[in-house]
Amino acid sequence: MTTTHHRGAGAPGYAAHKADHLTRLSKVEGQIRGISRMVTDDRYCLDVLTQITAASRALQEVALSLLDDHVRGCVTDAARTDPARAEEKFAELGDTLRLALRL
């Protein structure tokens, strides 16, 4: 199944920061590989947990940055141009936040 890159017209809200997001995600990917090596090497439990916490926080920062881009781009654009589309964006945002906060 193929999905669209974004819902709605135009570039995704994170387009201006795409390179930054990809850089951060690459760093998180490296952290995850490092954690895997730590487990392979039988490193101390709390050291592994500390690194997992750091990787989780780094991923959360990417998520918050994407959320900020979405609100400033997609939601704001919809609010300025089409009230019905704006309501859809607000509903999507609410649903996404509900899912995210179930962590």
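View 1. R72 is exposed, with a relative accessible area of 62%, in a model that is predicted rather than determined by experiment. Its partner is D68, and the side chains of D68 and R72 meet in a salt bridge whose N to O distance is 2.9 Å. The two residues stand four apart in helix α2, so that about one helical turn separates D68 from R72. D68 has a relative accessibility of 35%, which places it among the partly exposed residues, whereas R72 is exposed.

**View 2. Arg33 and Glu29 on helix α1.** A salt bridge joins R33 to E29, with 3.4 Å between the closest N and O atoms. Both residues belong to helix α1, which spans residues 18-40, and because R33 and E29 are four residues apart there, they are separated by about one helical turn. R33 is partly exposed at a relative accessible area of 45%, and E29 is likewise partly exposed, with a value of 47%.

**View 3. Lys89 and Glu92 on helix α3.** Here K89 forms a salt bridge with E92, and the closest N and O atoms are 3.8 Å apart. Helix α3 holds both K89 and E92, which lie three residues apart, or about one turn of the helix. K89 is buried, since its relative accessible area of 4% falls under the limit of 20%, while E92 is partly exposed at 23%. Over the whole model, the count of salt bridges comes to four.

**View 4. The packing of helix α2 against helix α3.** Two packed helices are described by the angle between their axes and by the distance between the axes. For helix α2 (residues 45-81) and helix α3 (residues 83-100), the axes come within 6 Å and cross at roughly 155 degrees. The two helices are therefore roughly antiparallel to each other, and the crossing of α2 and α3 is left-handed.

**View 5. The packing of helix α1 against helix α2.** The axes of α1 and α2 come within 10 Å and cross at roughly 165 degrees. That angle makes α1 roughly antiparallel to α2, and the crossing of these two helices is left-handed. The residues of the contact of α1 with α2 divide into 14 nonpolar, four polar and four charged.

**View 6. Arg102 in the segment after helix α3.** R102 has its place in the segment that follows α3, and with a relative accessibility of 65% it counts as exposed. Along the chain, R102 and E29 are 73 residues apart, and their C-alpha atoms are separated by 24 Å.

How values were computed
Residues numbered from 1 in each chain as written. Predicted model: local features only at pLDDT ≥ 70, side-chain atom pairs only at ≥ 80, totals over all residues. Heavy atoms only, no water. Axes fitted to C-alpha atoms, helices over the stretch in contact; angles between N-to-C directions. Parallel < 35°, antiparallel > 145°, perpendicular 65-115°, else oblique. Left-handed = near helix turned anticlockwise from the far one by under 90°. Buried < 20%, exposed > 50% of the residue type's maximum accessible area, 1.4 Å probe, protein only. Nonpolar A, V, L, I, M, F, W, Y, C, P; charged D, E, K, R; others polar.
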